[in-house]
Amino acid sequence: MDELTNTAPLVDPACWLPFTANRAFLQQPRLLNRAQGMHYWTPDGRPVLDGTAGLWCVNAGHCRPEISAAIARQAAEMDFAPTFEMGHPLVFSLAKRLIQWMPPTLSHVFFTNSGSESADTALKIARACHFNRGEPKRTLFIGREKAYHGIGFGGLSVGGLPRNKEAFLRKPSIACAASPMSSTSATSA
């Protein structure tokens, strides 16, 4: 495939696709090359109904001109603003708007980058909440059979798809090494 024209299908074993039998995919690739509204199109022009809204991230449809224009306007001003000890006014504005639609007992918003990160973050927030209340033994999570909650360790652990987690959820051995930039070396410099 010419990487600029996107005219001929090309797959490469260097790219692993999640939850995909990659060897089989390489033999019979199923490629999509554009989208509009609620459909994708294959390189040979066949429409494919997107029944999962782009894995749940384009619920308003693909390539809607007004959404594309809003993304372009924001990217031209600032394409990314970190939320680690910093922020952008629009983050606070959106959080305030979202809280207005939520039940009164829910009064905070924590933005994440993906469904997998959202699942892991929700689990960590729940654990931290119980810990901070003085209930550190409240650690049980209940997951649903056949449920999918992402590809992070937290989501896998509460997901109900055994084949997705069997290789990952053994107790890991972890060793933390001291950083060459530890607080003692940083302060003595």
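Is Tyr148 buried, partly exposed or exposed? Please select Tyr148: this residue is partly exposed, with a relative accessible area of 37%, where buried means under 20%, exposed over 50%, and partly exposed in between (1.4 Å probe, protein chains only). The model is predicted, so that local features need pLDDT of at least 70 and side-chain atom pairs count only at pLDDT 80 or more, while totals for chains, interfaces and linings use all residues. Residues are numbered from 1 along each chain as its sequence is written, and side-chain values use heavy atoms, with hydrogens and water left out.

Tyr148 lies in the loop between helix H5 (115-132) and helix H6 (153-158); helices are DSSP runs (H or I) of at least four residues, numbered from the N terminus.

Together with Tyr148 they make a nonpolar surface patch of about 580 Å². Such a patch joins nonpolar side chains (Val, Leu, Ile, Met, Phe, Trp, Tyr) within 5 Å, from residues with over 30% relative accessible area and no salt bridge. Accessible areas come from the Shrake-Rupley method with a 1.4 Å probe, and for residues only the protein chains shown count as cover.

Now turn to the salt bridges, of which there are three, each a side-chain nitrogen of Lys or Arg within 4 Å of a carboxyl oxygen of Asp or Glu.

- Select Asp44 and Arg46: their side chains meet at 3.3 Å, N to O, and Asp44 is exposed at 56%.
- Select Arg64 and Glu66: the N to O distance is 2.2 Å. Arg64 is partly exposed at 31%, as is Glu66 at 43%.
- Select Arg138 and Glu135: this bridge spans 3.3 Å, N to O. Arg138 is partly exposed at 48%, and Glu135 is partly exposed at 27%.

Conventions
Patch = residues over 30% accessible without salt bridge, like charges linked within 9 Å, V, L, I, M, F, W, Y side chains within 5 Å. Helix = DSSP H or I, 4+ residues; strand = E, 2+ residues; numbered from the N terminus.
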